[in-house]
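Please read it alongside the sequence and the structure shown here.

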Amino acid sequence: MTKVEVHKKASLAGHTDCIYTLCPSPNDQFFFSSGGDGIVARWDLANPEIGDLIVRVPNSVYALYCLQAQKQLLVGQNFEGLHLIDLENKQEIRSVKLTDAAIFDIQCYGSDIFVACGDGVVIVVDYETFALRKHLKASDKSARCLSINPIEREFAVGYSDHSIKIFGLQDLDLHQSLQAHKNSVFALRYTPDGQYLLSGSRDAHLKVWEVEKKYALYESIVAHLYAINHLDFSPDGNYMATCSMDKSVKVWDIKTWQLIKVIDKARHAGHGTSVNKLLWSAYENLLISGSDDRLISVWDLTFL
């Protein structure tokens with residue numbers, strides 16, 4: 001079995017409230033963070049103690065999405081809307097008041113921006129005009145997470161009604177509904193090859209769905225003690241990391257779905273409270289985690 005050595009490279013302080021979201025930048029050396037304080041910060045992995053304020057919004061931020069080619073950042077401001085930030089001059093280019101609900105996730109495909117909201121609506125916004133294209137209302141409970149599969153031309157939405165719903169990327173129609181978990185679905189990602197959909201829930205289970213078999217359940221794993229908040233894949237696509245309200249980060253081999261490492265406070269000076277978000281960076285294969293403890297940890301993983 002693969003073995004992993006873990007070294008904590010840095011612990012980044014600067015946020016004054018819980019950290020809810022992380023996202024990559026156009027340059028792998030940098031990444032963005034935000035959370036309950038409304039601060040959007042940029043960090044340099046080559047000099048990890050250096051944080052740079054990009055913008056500050058009045059309300060908490062659960063969702064960021066970087067438009068790499070345009071060097072722009074989408075910021076989801078809870079109870080307000082969507083802000084488009086030019087990263088070179090740190091200026092807001094556009095904004096739109098979308099919803100009075102929380103914004104839990106943002107994903108993009110082509111010229112469409114998909115926004116998952118706390119009132120159960122997924123709002124589709126046109127990037128060129130910032131006009132609303134469509135409201136997708138498939139549940140009365142919160143839409144918590146989104147994942148896009150460009151290979152199958154579908155996207156998946158995880159809801160607080162315990163379901164996962166599959167929509168078409170082009171027709172925006174509901175294609176399939178899965179009664180997936182026993183509690184809210186907080187984490188959702190297609191594997192890099194598009195063959196599987198991974199879901200993590202408040203029920204602490206990690207589930208693997210086989211896309212080409214109409215999302216038949218392939219594997220169900222009791223992965224954590226408490227809610228699974230997020231998951232991300234290694235840059236080479238061979239491994240996956242999950243994080244949880246149980247304060248741990250776990251590393252998995254996605255060829256076998258076997259657990260290969262637990263990163264926690266006792267063993268690695270990990271987080272002291274819920275770990276909310278992960279980013280597995282292509283820069284030196286560093287794994288980044290953000291927590292309710294207001295800290296960002298940077299982990300150097302060596303696979304043996």
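Two strands count as paired if DSSP finds at least two bridges between them. The model discussed here is predicted.

**Hairpin of β14 and β15**
- Strand β14, residues 143-149, is joined by 6 bridges to strand β15, residues 154-159, and the two run antiparallel.
- The hairpin has 4 residues between its strands, and R153 adopts a positive phi near 55°.
- Strand β14 is mostly covered, with 6 of its 7 residues buried.

**Open sheet of β18 to β21**
- An open sheet is formed by 4 strands in the order β18-β19-β20-β21, with antiparallel pairing.
- Its edge strands, β18 (185-190) and β21 (216-222), each pair on one side only.
- On average, neighbouring strands of this sheet are turned by 20° against each other, direction ignored.
- Strand β20 (residues 205-210) runs antiparallel to β21 and is joined to that strand by 6 bridges.
- In β21, A216 is the residue opposite E210.

**Loop residue S281**
- S281 sits in the loop between β26 (275-280) and β27 (286-291).
- The relative accessible area of S281 is 6%, so this residue is buried, the cut-off being under 20%.
- A polar atom of the S281 side chain lies 3.5 Å from the backbone oxygen of D28.
- Apart from neighbours within four places in sequence, S281 is in contact with D28, L45, P235, L286 and I288.

Terms used. Residues numbered from 1 in each chain as written. Predicted model: local features only at pLDDT ≥ 70, side-chain atom pairs only at ≥ 80, totals over all residues. Heavy atoms only, no water. Axes fitted to C-alpha atoms, helices over the stretch in contact; angles between N-to-C directions. Buried < 20%, exposed > 50% of the residue type's maximum accessible area, 1.4 Å probe, protein only. Polar contact = N/O pair within 3.5 Å; in protein donor to acceptor, adjacent residues only side chain to side chain. Contact = heavy atoms within 4.5 Å.
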